[in-house]
Amino acid sequence: MKIGIVCQATAGGSGILATELGLALAKRNHEIHFISMESPFRLHQFEQNVFSHYVDVINYPLFKVPPYSLALASKISEIAEEFGLEIIHAHYAVPNAVAALLARDMLPPEKRFCLVTTLHGTDITLVGGHPSFYRTTRYAMENSCAVTAVSDWLNRETCREFQLSKPVRTIYNFLDGDKFKPRDGNRAALAAPDEKIVMHISNFRPVKRVTDVVRVFKKVNDAVPARLVMVGDGPERLAASGVAKQLGITDRIAYLGNYEDIEDLLPCADLVIQPSEHESFGLVPLEAMACEVPVIVTASGGITEVVTDGETGYLCEVGDIETMATHAIALLSDEARAGEMGRKGRAHVLKHFQKEAIVGQYERVYAEVLQMLRKQVASSES
Ligand code: GMT
């Protein structure tokens, strides 16, 4: 199949998932065209069957904000026509799916593609639900050939919030268990041999509650010699370092900024903490579990479908710093328990979230919507 993948290029779960999906589909001999603002975050190598196209946005003085969505629609339409794309898979409803619909309408009927939209979370919970975007988000979903959500929780939230006339299918996120696995990393660069490594990875948006990470770590560090490694960047970075300063632990924390080869870093961690307000899925805990690293997360949203409490990690209430710290200290003080939890975590990931099985689910959705389109075309011609 010839498939266009429209995604966010910034560091974030939806762009990462879209990139990994595109690369996996290319390996299965599909022709993949990434369409985005710039090179997707984790797409840094040349691959067979993979093409990238960037949106040209002009900065005309009359526009206070350049109309990216319109430029994106033009680019999708142009690439779909030039390469004969059969499927456009939009990751993140706003603006990607909306722009794809406009792009489809610009094409002559015989060149129109099928639109598959994958909802990732904040496109529904924060952005799509906002009055500024609600109607466009709903329109995009109603007019997609298929809509998927990355967890049952997000699926339910979408149906509740948008009352769609068609079902949403759940297709979980995935990873490559050969890429994310326990390995010897450069631990010595991050901590002394007698120190534990606590890690947090995110884009430091308010929903990630990074100051909770720092507060939990303070309690951990009081009980067990440890280092906190903060990976990523975003608006809450300053707040995190402010709290660390107040708590007198600035020298125990390393901020690494955005880091692409997370599979080299994660195996160095003894524990990963993701205390988000909510997560529709939680790609970071999944990656950590695959590396046999225990996780402490919040029982909020689809993450409860990824982490099993007490087995592969701990699910805590949002903001319950005390409980998170208690679990963290217990795990960091008991290597056998942490090791067992890590092994169970990896086994769980390999059983439920392996790349090949999930990519196959997307392939089946594409085949189904294409068949529907062909039937419609045939019946309109007869
Ligand atoms: O929250 C992020 O880090 C980015 C965001 C995105 O859309 O890029 O992540 C969302 O999509 C990820 C991939 O499906 C999920 O793993 C995250 O849970 C989800 N984030 C939220 O729901 C807050």
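This is a predicted model: local features need pLDDT of at least 70, side-chain atom pairs count only at pLDDT 80 or more; totals for chains, interfaces and linings use all residues.

**Ligand site**

I started at the ligand: one of its oxygen atoms sits 2.9 Å from a polar backbone atom of S280. I count a polar contact as a pair of N or O atoms within 3.5 Å; within protein, one must be able to donate a hydrogen and the other to accept it, and residues adjacent in sequence count only if both atoms are side-chain atoms. F281 also has a backbone N or O atom 3.1 Å from a ligand oxygen. For L283, I get 3.2 Å between a polar backbone atom and an oxygen atom of the ligand.

Next I listed the surroundings, taking a residue as near if one of its heavy atoms lies within 4 Å of the molecule. That gives 17 residues around the ligand, with H120, N173, R205, E279 and S280 the closest.

**Ground rules**

Numbering runs from 1 along each chain as its sequence is written, and side-chain values use heavy atoms, with hydrogens and water left out.

**Two domains**

I looked up the domain bounds, which come from an automatic or database domain assignment. Domain 1 is 2-174 + 355-381 and domain 2 is 187-352. Their centres, taken over C-alpha atoms, are 31 Å apart.

The domains bury about 1,500 Å² between them, 57% of it on carbon and sulfur atoms. F41, R42 and W153 supply 33% of what domain 1 buries against domain 2, more than any other three residues.

I searched the interface for salt bridges (a side-chain nitrogen of Lys or Arg within 4 Å of a carboxyl oxygen of Asp or Glu) and got 0. Polar contacts did turn up there: 5 residue pairs, both partners at pLDDT 80 or more.

V94 and P95 are joined by a cis peptide bond, omega about -5°. N29, not a glycine, has a positive phi near 75°.

Definitions and conventions. Buried area is the accessible area (1.4 Å probe) that two parts lose on being put together, summed over both.
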